[in-house]
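Reader: Got a model to go through with you. Can we take it piece by piece?

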Amino acid sequence: MKSLITFTLVLFGILSLEAVAQHSHHGHKKEALKAGEVHEDHSLYHLDSEFTNHRNEKVQLSDFQGEPVIVVLFYGNCTQVCPILIKDTWRLFSSLDESLQSKTKVLAVSFDTENDSPEVLREYAEYEQLDLPEWHFITGKHTDIKMLATMLGVKYQQTSDGHFAHSNLVTVLDTLGKITKRVEGLNQPMEEAAAVLEGMLKNL
């Protein structure tokens, strides 16, 4: 009887370790992808692709030239990470005085080009209470979104369950479209990025 109990405990331990291993492997797929390196001297406004915002308006990145821009890449069906990423972007934007907010644009770009239509993004913006004049939720052609992500150093990859593994990155562009500040990770302090924005806005 004692041997049977011992065997049962050992078997339970092995099964538990296997379960933990499988969980860890699954969790690894959900880990954020580390952001890639970027060329900070290159302006994103050289990308002349046409995108569509959640108001169904055609926009190009160069339309935002002359104002600081906050850029974040996300996808609408993400219920765990992306809401935090959008909230982080809001924390940065809302840390500015209202007079400075009106001079700052936010581009929330979806890399789920299959599901995030302008209509879906409009519903997303309204649900998040971010259908604000300064905010643009943007979609576009897959190749154009991929090119933009590469220029920002944002990596993303669709997983077998239809979701995406991706970098968690909030980027600040200067008035010429050059990358001046990147904040990687979730729930990160935004004071330095806010100071960069305020420094630019005071000189406008």
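Reader: Start with Asp131. Is Asp131 buried, exposed or partly exposed?

Author: Asp131 is partly exposed, at a relative accessible area of 37%. The cut-offs: buried means under 20% relative accessible area, exposed means over 50%, and partly exposed is in between, with a 1.4 Å probe and protein chains only. Ground rules next. This is a predicted model, where local features need pLDDT of at least 70 and side-chain atom pairs count only at pLDDT 80 or more, while totals for chains, interfaces and linings use all residues. Residues are numbered from 1 along each chain as its sequence is written, and side-chain values use heavy atoms, with hydrogens and water left out.

Reader: Fine. Which residue forms a salt bridge with Asp131?

Author: Arg55 does, with the closest N and O atoms 3.7 Å apart. A salt bridge here is a side-chain nitrogen of Lys or Arg within 4 Å of a carboxyl oxygen of Asp or Glu.

Reader: What does the pair tie together?

Author: Parts that are 76 residues apart in sequence, because Asp131 lies in the loop between helix H4 (118-127) and strand E5 (135-139), and Arg55 in the loop between strands E1 (51-53) and E2 (58-59). On labels: helices (H or I, at least four residues) and strands (E, at least two) are DSSP runs, numbered from the N terminus. Arg55 is partly exposed too, at 29% relative accessibility.

Reader: How many salt bridges does the structure hold?

Author: It holds 5. Another one joins the side chains of Glu67 and Lys105, at 3.2 Å from N to O. Glu67 sits in the loop between E2 and strand E3 (69-74), and Lys105 in strand E4 (residues 105-110), so this pair links parts 38 residues apart in sequence.

Reader: Glu67 and Lys105: buried or exposed?

Author: Glu67 is partly exposed at 23%. Lys105 is buried, with a relative accessible area of 14%.

Reader: Switching to strands. Where does E5 stand, enclosed or open?

Author: Largely enclosed by the rest of the structure, because 5 of the 5 residues of E5 are buried. Both faces are covered: Trp135, Phe137 and Thr139 on one side, His136 and Ile138 on the other.

Reader: Which strands pair with E5?

Author: E1 joins E5 through 2 bridges, running antiparallel. Asn53 has Ile138 as its bridge partner in E5. E4 pairs with E5 in the parallel sense, over 4 bridges. There, Leu107 is partnered by His136. Pairing requires DSSP to find at least two bridges between two strands.

Reader: What about the handedness of the crossover from E4 to E5?

Author: The chain goes from E4 through H4 to E5, and this β-α-β crossover is right-handed. Right-handed means that, with the strands pointing away from the viewer, the path from the first strand over the helix to the second runs clockwise.

Reader: Core next. Which residues touch the most other members of the largest nonpolar core?

Author: Leu92, Phe137 and Leu152, in a core of 55 residues. E3 gives the most to this core, with 6 residues. A nonpolar core is a set of buried Ala, Val, Leu, Ile, Met, Phe, Trp, Tyr and Cys residues joined through side-chain atoms within 4.5 Å.

Reader: What does Phe137 touch?

Author: Leaving out residues up to four places away in sequence, its contacts include Phe74, Ile86, Leu121 and Tyr124. Contact means heavy atoms within 4.5 Å.

Reader: Ser110. Buried or exposed?

Author: Buried, at 0% relative accessibility. Ser110 is in strand E4. Its side chain makes a polar contact with the side chain of Asp116, at 2.5 Å. The Ser110 side chain also reaches the backbone nitrogen of Asp112 at 3.0 Å. A polar contact is a pair of N or O atoms within 3.5 Å; within protein, one must be able to donate a hydrogen and the other to accept it, and residues adjacent in sequence count only if both atoms are side-chain atoms.

Reader: Last topic, backbone angles. What is phi of Asn56?

Author: Near 65°, a positive value in a residue other than glycine. Asn56 is in the loop between E1 and E2, and is exposed at 52%. Gln129 has a positive phi as well, about 60°. Gln129 is exposed, at 69% relative accessibility.
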